[in-house]
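Here is a short note for a colleague opening this model for the first time. Please read the points beside the structure.

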Amino acid sequence: MLTIKEKAGYGLGDTASNLIFQTIIAFLGYYYIEIVGLSAAAVGTMFLVVRWMDAITDPIMGTISDHTNTRWGRYRPYLIWLCVPFGLSAVLAFSIPSLSQASTLVYAYVSYALMMLMYTAINIPYCALGAAMTSDPAERLDIQSWRFAGGQTGNLIVTSCTLPLVAYFGAGDDGKGYQATMMLFAVLAIMMFLICFASTKERVVEAPVSGEKSNFFMALLKNDQAMVLAALNFFILVALVLRGTVTLFYVNDVLEQETLATAFLTLGAIAAIIGSIIAGQLAKGFNVRSLAILAIIQVLLLLLFLFTKTITVSLFWVALAGCFIGVLFGVVLERWFPKTRAFTVCFMVIAALHFCLYAIDPANTELCFFIFVLLSLVNQIAIPILWSMMADSVDYGEFKTGQQATGLIFSGILFALKMGVAVGGAVAAWLLAFYGYESGVEQSAATREGIAILFTLVPGAVSLIVVLVTYFYSLDDQRMRQIHRRLESRRMSQS
């Protein structure tokens, strides 16, 4: 049984990652275009080009971590070895000096590539660590809910604090403000990775990794369920990053509520934390105590940001209503749907909410906020389920091939995830340029309509693709119990 200390410690690792990753999704494109002055088309191309580096770095990192053998385990050591380089690379990406346009673009390419390289190097072992801590399916879902509650706490810090910190540190110079803010986030991330390292332990004894040369493409081809999960990660991240990249543009130019940008991002992050906690209850079942704890957490979080005047009284009640309905949705999922079907239902609802958001008059600000809160909550119920499915696919791969290469499988799936990040960011920037977006001017009606489509209809359509792909996933709880019994028998006979 995993202790609360271990679950919370593992979750802090994702808080650390998301202090950087969520800043990339929500603010890096805006920073490049609005602060640095790069063209939207150039930024879109950079996002796509740099990500192809992962075709080389992901399998290398997966293979290296699988072959690591230390007294701390295979995956934990990388948290302590790489946390400082990861933090420094993030600061460099938000420290673009005043250069010529061509030199600025070169610096952006190099610093962004370095940051994503460090993200790969620390995140693949971190993700594999979750599968190495326990082999129990229910515990895997529980630990992933802790992980993503931690991750969304990082997201909450980013969304609620970034713009105020930029204004405070920059004092009128947003470039310096972003640099100082990222320095602060980097220091926090380093500290959290160190705590994650100190509080976790690898328990699952893995089958020896073959010395044969391999790569994640072959690993995925041998594991049909990992291929399904790779496809799911790709499409989910296309939708998520596309929407995240244009969020500030949507709030500023479509809703025309620039002063509420931080409130919009903050409420989405609070809803995501609630969604992560709900995901953890799907494995254990809801009861009066768990529902009461959920209610207390969401009310306290909302009161905190009401007290700090991040949100208004009317938005407090809007968000509370959205979270309440989200909790009821979670109860329905737990009572009526097994894990994999709950994931499918979530993305059917996510697609529907995107389409509803497009249909709403942007002048109805509070209703737009309500739909966004509900969308963020349901999305975050689904994501921990997906990651518990990924851990199951590793065991399925060992059952099928006799070899458990956790890092390599995760690197293959994460490559697909990061290709989704690349495509989502690139498409968002390219289409902003296509719809005529220009920095520093009032946008035309056609441009505002294009931003609305990018924020709603396109992610909604991609969410429907996710629903279709889930029908190819077959590792339900009953089948995983059978696989685990066979694996235990095989391991005992080999010992």
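1. K309 sits in the loop that links helix 12 (288–307) and helix 13 (313–336). Helices here are DSSP runs of H or I with at least four residues, numbered from the N terminus. K309 has a positive phi of about 65°, although it is not a glycine. Most residues other than glycine have a negative phi. K309 counts as exposed because its relative accessibility is 74%. Exposed means over 50% relative accessible area, buried under 20%, and partly exposed in between, with a 1.4 Å probe and protein chains only.

2. A word on the source: this is a predicted model, where local features need pLDDT of at least 70, side-chain atom pairs count only at pLDDT 80 or more, and totals for chains, interfaces and linings use all residues. Residues are numbered from 1 along each chain as its sequence is written, and side-chain values use heavy atoms, leaving out hydrogens and water.

3. E256 is another residue to check. It has a positive phi of about 55° and is not a glycine. E256 lies in the loop between helix 10 (247–254) and helix 11 (261–284). At 55% relative accessibility, E256 counts as exposed.

4. Next, helix 1 (residues 4–36) and helix 2. They pack at about 140°, with their axes 9 Å apart. Axes are lines fitted to C-alpha atoms over the stretch in contact, and angles run from 0 to 180 degrees between N-to-C directions. The pair is therefore oblique, a class left over once angles under 35 degrees (roughly parallel), over 145 (roughly antiparallel) and 65 to 115 (roughly perpendicular) are taken out. L28, G29, Y32 and I33 of helix 1 meet A40, V43, M46 and F47 of helix 2, where contact means heavy atoms within 4.5 Å.

5. Helix 2 (residues 40–51) also meets helix 5 (residues 101–133): their axes come within 10 Å and cross at roughly 40°. That makes helix 2 oblique to helix 5. On the helix 2 side, the contact residues include A42, T45 and R51. On the helix 5 side, L105, Y112 and M116 are among them.

6. Which residues touch the most other members of the largest nonpolar core? They are Y32, Y112, L232, Y250 and F343, in a core of 162 residues. Such a core joins buried Ala, Val, Leu, Ile, Met, Phe, Trp, Tyr and Cys residues through side-chain atoms within 4.5 Å. Helix 15 (residues 365–401) gives the largest share of this core, 21 residues.

7. F343 touches L232, I236, A382, I385, L386, M389, V466 and T470, not counting residues up to four places away in sequence.

Terms used. Helices (H or I, at least four residues) and strands (E, at least two) are DSSP runs, numbered from the N terminus.
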